[in-house]
Structure formats: structure tokens, C-alpha cells
There are 2 protein chains.
Amino acid sequence: MARVEIGQHIGMSPASVSELTASLVDEGILVVEDAADQGPGLIRGRPKVRLFFADSLGSVIGIWTGFNRIELRLVDSAGRNRASRHIERPLRSLEANELMDVLAETITAFAGETGATDVKAIGLACQGYVDTRDGVVAWSPVLGTRDLPLAAGLSERLDKPVLIENDASAMAFAIAQRNPDFRSGRTACLMVGDGVGMGFLIQGELYRGARFGGSEFGHVRLRRSGPQCRCGGRGCIEAYLADYALHRDAQLIDHRPAPTLLLPGEEAMNGIVEQARAGDPALLHLFQEAGEVLGDSVAILIQTLEPDHIVICGPGTRAMDLLRPSFEAALESQTIPELRALAAIHVVESSLDLLTEGVVMQALRELDLDLARLKAA
Amino acid sequence: MARVEIGQHIGMSPASVSELTASLVDEGILVVEDAADQGPGLIRGRPKVRLFFADSLGSVIGIWTGFNRIELRLVDSAGRNRASRHIERPLRSLEANELMDVLAETITAFAGETGATDVKAIGLACQGYVDTRDGVVAWSPVLGTRDLPLAAGLSERLDKPVLIENDASAMAFAIAQRNPDFRSGRTACLMVGDGVGMGFLIQGELYRGARFGGSEFGHVRLRRSGPQCRCGGRGCIEAYLADYALHRDAQLIDHRPAPTLLLPGEEAMNGIVEQARAGDPALLHLFQEAGEVLGDSVAILIQTLEPDHIVICGPGTRAMDLLRPSFEAALESQTIPELRALAAIHVVESSLDLLTEGVVMQALRELDLDLARLKAA
DNA sequence: GTTCATTAATTCATTATCTGAATAAATAAG
DNA sequence: CTTATTTATTCAGATAATGAATTAATGAAC
């Protein structure tokens with residue numbers, strides 16, 4: 001971003017921006033754009049000179065832990081992706097300390113393989129209700145224990161600051177960083193995948209609930225005596241939309257094999273989707289029902305939060321073509337037209353990569369704040 | 001509030017507070033507490049001298065428009081209640097311009113009767129989705145028209161600034177002003193009465209949706225083929241909990257007379273409640289069902305917003321004893337215990353008075369801002 | 001090519017805002 | 001009556017932000 005743009009953005013005069021950035025450039029925290037990098041100027045006048053964070057201020061590792069897989073990513077301080085890794089590893093069966101040991105080892109190994117010697121912080125995204133301030137996982141569908149001090153445990157093992165975040169919140173943050181439209185007003189990001197989560201942004205900032213966590217929207221009960229959910233309840237949104245729910249029901253319909261790991265992988269899910277697209281009526285009905293639940297869910301979000309944007313994202317969007325007819329019918333049948341018109345609904349095809357991107361961005365931002373504090377002192 | 005307290009509250013040094021308040025006291029905007037008014041000091045040290053807004057800076061009229069009644073209130077600039085009035089008047093049948101004429105006349109008459117010659121602003125609370133910034137009622141269950149520029153219409157007729165607000169938001173604001181606990185963290189106020197509304201506060205500030213309105217939580221559909229709702233849908237929260245819904249069903253059960261006005265009054269509702277308390281099984285079942293819906297509603301709020309406080313308020317709390325057993329059962333059966341424990345649930349018996357208090361407070365605050373701007377210029 | 005218009009960035013004196021430290025004021029406790 | 005304690009004010013000094021003027025770098029026009 002160029003200096004004038006920064007000024008307009010935060011409402012300061014160019015003079016002030018110049019003054020403040022000058023010292024940061026001196027200290028090497030910011031670097032000015034190389035004139036050669038700029039394309040030919042399209043508007044007359046002196047061209048903008050953009051400022052970037054230096055890439056040598058250390059790096060951050062982002063990690064996402066699913067039911068039976070781990071995603072890792074290494075990003076430098078300029079925000080550039082340096083490396084990423086995907087690991088299949090069941091985590092559900094592990095006891096709390098084992099889990100933290102495995103994660104710490106995985107992170108250390110990843111840092112070693114990628115030659116990252118300047119890792120300044122770790123960002124971790126996981127399912128469940130996460131207290132981001134205290135770094136505690138209050139509850140998670142993938143953990144047996146409750147109130148697990150995951151950040152402290154990892155921080156101790158790795159001797160680095162660890163930031164943890166709900167995975168849907170992390171993805172919402174990443175999506176908003178990629179699209180400026182989602183950084184103004186209110187944006188609700190409904191993530192459908194292994195589970196169903198919701199990240200809610202107000203003016204680009206993540207909404208924080210009572211314990212500085214996000215939302216557990218996926219466990220809103222939509223149908224009084226609906227299917228069993230991982231949370232112990234029945235009829236939750238997740239119990240219709242999540243991969244495990246669709247796979248479980250597909251298994252009962254056509255006796256397909258159980259997933260080799262605890263949760264179905266991408267191939268298994270694609271198999272179901274393909275078969276439904278080919279016209280299998282029972283599977284089609286599954287997706288039709290899931291679409292209806294998705295419509296009901298979005299309707300609740302609209303009537304409760306009145307967001308400017310609703311983003312449907314995550315691996316579950318792979319079947320959006322199958323979900324859409326019943327989704328739209330359900331949405332229309334139960335929202336006041338004036339309110340429905342206010343919310344723009346977007347489908348963002350997003351893989352799990354974005355999750356690690358989200359936590360990394362948050363961790364980077366925390367580092368920026370630390371730098372600012374350091375500078376102030 | 002005393003000067004030191006103001007300083008602690010807004011994070012400024014006593015020196016700055018003294019300096020700023022001194023000019024306001026000079027201008028007569030603030031008045032210092034009379035030493036005689038203070039009780040005997042309970043702590044040693046120089047006693048606090050509290051500052052109040054002067055009561056001669058003009059007054060504000062707050063008005064609430066229901067289906068068939070109007071509530072009015074006159075408040076001076078010190079925040080003291082000067083007069084209030086309750087009028088039975090069906091408004092539903094009026095055309096937009098007629099409605100604004102009637103409201104303007106009612107307000108003028110009220111000001112005349114109470115001898116208020118220094119009215120500086122009007123605050124109006126009504127049901128529906130209200131754009132508080134533009135002063136437009138986008139949609140309301142009590143209006144035939146849509147996108148009615150109510151604030152502009154009234155402002156023109158009365159030649160004074162008019163602020164409009166959703167009624168549940170106004171009540172939430174008033175409740176939070178009365179209880180400081182509700183001004184930190186997140187507070188969701190579920191108002192049950194003529195309809196069902198929800199006002200949501202973050203750090204004491206009203207949450208604003210896409211068009212700077214509040215929430216239409218009362219029209220979340222809870223049961224797929226439930227009873228008819230005023231919004232045109234079926235199975236909305238309101239269609240179980242609102243006065244009109246309970247009365248409609250009670251009429252079918254025991255053939256009680258229809259309400260004389262369009263909506264049942266307080267006496268009619270009390271009649272139903274008394275009869276249920278006396279043991280009428282069919283009426284008891286009505287309240288049991290309503291309690292269940294209330295539990296489901298609060299569960300959605302908890303899993304979606306994770307508020308620190310949930311306040312159940314409005315005339316509908318008159319039957320809380322009848323609602324409570326099924327309310328608690330429904331709530332427990334579908335929330336994750338860790339999350340449920342985070343939200344404190346309060347029942348605040350609140351009459352419609354609070355609605356006018358809420359809009360008056362907001363209008364007063366707007367005036368304060370204007371004064372501040374005036375002073376700055 | 002030279003000049004002009006246009007936009008970006010910087011310099012610097014000025015202004016507004018807030019604060020710490022010292023002081024005065026008002027009370028309760030001993 | 002003295003001392004401890006808390007509140008409020010005064011005032012010089014620190015800090016941050018800005019407007020106006022200036023310098024810089026480019027495209028467009030001739």
C-alpha cells in the first residue's frame with residue numbers, strides 16, 4: 001500500500017504517514033517498492049511508491065488440526081507463502097498431552113524440513129469453542145478433554161508464542177483479507193466441511209463471544225428429532241451438512257465402505273457427489289435435504305444478524321450445484337423479502353489451505369502489534 | 001458522575017477531565033452537585049462532587065407506537081421524567097400519510113398538555129426493521145407500506161429532529177442504561193410482548209445490521225409447518241410467543257371473545273394467564289409450548305452469538321412462571337453445556353414505559369453529540 | 001524535447017490535546 | 001487539633017497530528 005492510501009485508509013494526513021513510516025523504513029521493518037517492479041503508470045502524476053513489510057523479520061507457521069489430518073504452512077513476514085505440507089494423521093484418539101507432543105513434533109519437523117530458523121510465532125486453527133485470549137480450547141468435537149490449555153502447552157514445548165483460533169473464524173479472516181468487500185460492514189462466513197462453523201466479521205474484525213471465542217453455529221438445532229450429531233445433540237445443522245454426516249447416510253443407502261480413517265477424505269466425498277450427479281435418487285435426496293438445511297441456516301443468520309455479506313465456503317461447496325435448488329427455496333420461504341435483499345450471498349470455493357492462511361495472518365498481525373509496542377518502548 | 005469517575009471511565013487523567021468539564025460548567029451545560037444534596041461521606045477524603053446535565057437545555061419526547069396504542073414520555077435534559085401518557089388508538093388501518101399526521105398531532109397535543117415548550121428532539125420506537133441512519137421503516141408487521149420515511153415525515157411536520165429505532169433495540173438500550181452489568185461484553189435482549197424482538201448490545205452499543213437496523217429475530221422460523229405469523233410466514237418464534245398468538249389460540253380453545261381492538265390488551269392477557277395458573281390444561285399446554293420455543297430461541301442466541309448476558313424482557317414475562325419448566329428443558333436439551341454456562345440468563349420484568357425511555361435516552365445522546373459539535377465550532 | 005498539469009511524498013512550524021507533578025481543598029479518623 | 005486520605009485544579013511540558021509550502025516524479029500536449 002502506498003503512503004497516501006494508508007493515510008486515506010486510517011484517516012490521517014499524508015504528512016503524518018510520512019513521518020511514521022520513515023522511522024519504520026529506517027529500522028528495516030518496512031521496505032519501499034523497487035521502482036523497477038512497478039508497471040507503467042496508467043495515471044499521470046508522480047507514481048505511488050508502495051510499502052511492504054520486510055521479509056526478513058522472521059516467519060510464522062500456521063497449522064490446522066482436523067479429525068484425522070494436519071495442514072501446515074510457513075509464511076515469511078512479508079506475507080509470502082514459503083512452504084506448505086499436508087499430513088494424514090488421526091488425532092481423535094490421542095490423550096491431551098500426547099496430542100500436544102505430536103503437534104509440537106510435527107511443527108518442529110516441518111520447520112526443520114523447510115529450513116525455517118527464524119520462526120517467530122505459531123498460529124493454530126482447530127474446531128470447537130476456542131478462547132483466543134487465554135489460548136484454551138473450551139470444547140471441541142474432536143477432543144475428549146475440555147478446557148485444554150493448548151496454546152500454553154504448545155508454547156512451552158516450542159518456546160514460541162502460540163495463537164489459537166476457531167477454524168471457521170480463521171477461514172473467515174482469510175477470506176476477508178483476500179476480498180476487501182468483506183472487510184466493510186458485517187460478513188458471516190459459513191464454513192461447511194468436516195463440520196459446520198461460522199466466522200462473523202464486523203468491519204473486518206472477528207466477532208468475539210463471551211470467552212473471546214467465535215460462534216458454534218453448526219450446533220444450532222434445526223430439526224427437533226433430527227440425526228445424531230458429534231456434539232451429542234440431535235438435528236444440529238452439522239448433522240445434515242458435514243462430510244461425516246453425508247458419508248454416514250450414503251453408507252446406509254448403498255453400503256459403500258466406511259472411511260479408512262475416522263473421517264471420509266476428499267476422494268470419498270467426491271465419489272458421493274459424482275454418484276448423485278449421475279442421478280442416484282437416494283443420494284440426490286440427501287443433498288436436497290442438506291440444501292434445505294443450508295437455506296434454513298442462512299435464513300437464521302439473516303434474521304438474526306442482518307449481515308451485508310454471507311459467504312458459504314469450505315470443502316462442502318463442492319456440491320453446491322446439488323444443494324442450490326433446495327437451498328434457495330428454503331431461504332425464500334422463510335425470510336422477509338426486504339431483509340433477504342440486504343444480504344448478498346457468495347459462494348467461495350475454498351480449500352483447507354485458507355485455514356492456515358487465516359491463522360498465519362492473525363499471528364502476523366499479533367507480531368506487528370508487538371513490533372509497534374517494541375518501537376514505542 | 002464525579003470527575004474522577006469520568007476519568008477512570010474514559011481513560012483520561014483527572015487534569016484533562018477538570019479542564020474539559022470546566023468550560024461545560026461555565027456554559028451551563030453541566031451543573032455541579034449541590035453539597036447539601038450529598039449524604040454523609042462514608043469514606044474519608046474529600047467527597048466526590050458529581051456533575052449532572054443541566055435540566056434547562058431543552059427536553060425530548062419519546063414515543064412508542066404499537067398495533068393499537070401509543071406511549072408518550074417527556075424527559076428533560078437532565079434525564080428526569082417529566083410526564084408520560086398512554087393512548088389507545090388503532091394505527092394499523094391508517095395509510096402512511098394519515099399515520100404520520102396522527103402521530104404528529106398526538107405529539108403536539110402531548111407537548112401542549114404538558115407545557116413543554118423547549119422540545120429539542122423526538123425519539124420514536126416502533127416494530128419492524130428500521131434504518132436508524134436514514135430514518136426509514138424498511139418493513140414492519142404493523143404497516144402496510146414499505147420503506148416508509150417516517151423520520152423525515154415527522155421531522156417535517158414537527159420541525160424538529162426525529163430519531164427512530166426498532167422497539168426491541170430501544171428497550172435493550174434502556175435496560176443496559178439501568179444495569180451496568182449489561183454494558184460490558186455482549187448482551188442479547190429478547191423482548192416478548194405484542195411481538196418478539198431482539199436488541200443486541202456489544203459493549204453497551206447497539207449492534208447495527210446491514211441497513212443500520214437491528215435484528216428481526218422474532219421472525220426466525222423454528223418449526224417448519226408451525227402456526228401462521230404476522231410476517232406472512234409460518235412457525236416463526238413470534239407465532240408462538242407473542243400476545244396475539246397466545247390470545248388467538250386461547251380463543252380457539254375456550255371461545256373467549258375476540259379483543260375489542262386489534263390486539264389483546266393487558267387485561268385480556270392477564271385473564272389467560274390467570275386461567276392457566278388455575279390449572280386449565282389446554283391453556284397450560286399453550287404456555288408449555290411457548291416456553292419450549294423460548295428455550296429454542298435462547299439456544300440459538302447462545303450458539304450463534306455467545307453473549308455474556310441474555311435478558312428476557314417485555315410484557316410477555318408476566319407468564320414466566322408458566323414458561324419456565326419447558327423453557328429450561330428445551331434450553332438444556334440443545335446447547336453444549338460449556339457454552340450454556342457462559343451466558344447468564346436474566347428475566348427483567350419491564351413494561352412498555354421502558355421503550356420510550358430507551359428512545360429518549362438515544363435522542364438525548366444524539367443531542368449531547370450535537371452540543372459537543374456546537375461547542376467545538 | 002520542452003513545458004505544463006497532475007499526483008505523491010517530505011519538511012517544518014504551528015496547533016491541539018493530554019498528562020505528570022505540585023498544590024489546594026475537603027473530609028474522616030485518631 | 002493533627003494526620004491521613006481522597007478529590008479537584010493549576011500549569012508547564014510532552015506528544016501527536018496537521019496545514020501549507022516545497023520537492024519529486026511521472027504523463028500529456030505542443
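Helix 5 of chain B (residues 167-178) lies across strand 10 (186-192), strand 11 (196-202), strand 12, strand 13 and strand 14 of chain B, and it runs at about 45° to strand 11 of chain B. Helices here are DSSP runs of H or I with at least four residues, strands are E runs of at least two, and both are numbered from the N terminus. For the angles, axes are lines fitted to C-alpha atoms, for helices over the stretch in contact, and values run from 0 to 180 degrees between N-to-C directions. This is a predicted model, where local features need pLDDT of at least 70 and side-chain atom pairs count only at pLDDT 80 or more, while totals for chains, interfaces and linings use all residues. Residues are numbered from 1 along each chain as its sequence is written, and chains are lettered from A and ligands numbered from 1 in the order in which they are written.

Now for the sheet itself. It's open, with five strands of chain B in the order 12-11-10-13-14 and mixed pairing (two strands pair if DSSP finds at least two bridges between them). Strand 12 (205-206) and strand 14 (344-348) of chain B are the edges, each pairing on one side only. Strand 13 (residues 309-313) and strand 14 of chain B pair in the parallel sense over five bridges; B:Ile312 has B:Val347 in strand 14 as its bridge partner. Helix 9 of chain B (residues 281-305) packs on the sheet too, touching strand 10, strand 11, strand 13 and strand 14 of chain B.

Helix 9 also turns up where the chains meet. The contact takes 32 residues from chain B and 32 residues from chain A (contact means C-beta atoms, placed from the backbone, within 7 Å). On the side of chain B that touches chain A, helix 9 of chain B gives the most, with five residues.

Note on methods
Two residues are in contact if their C-beta atoms, placed from the backbone, lie within 7 Å.
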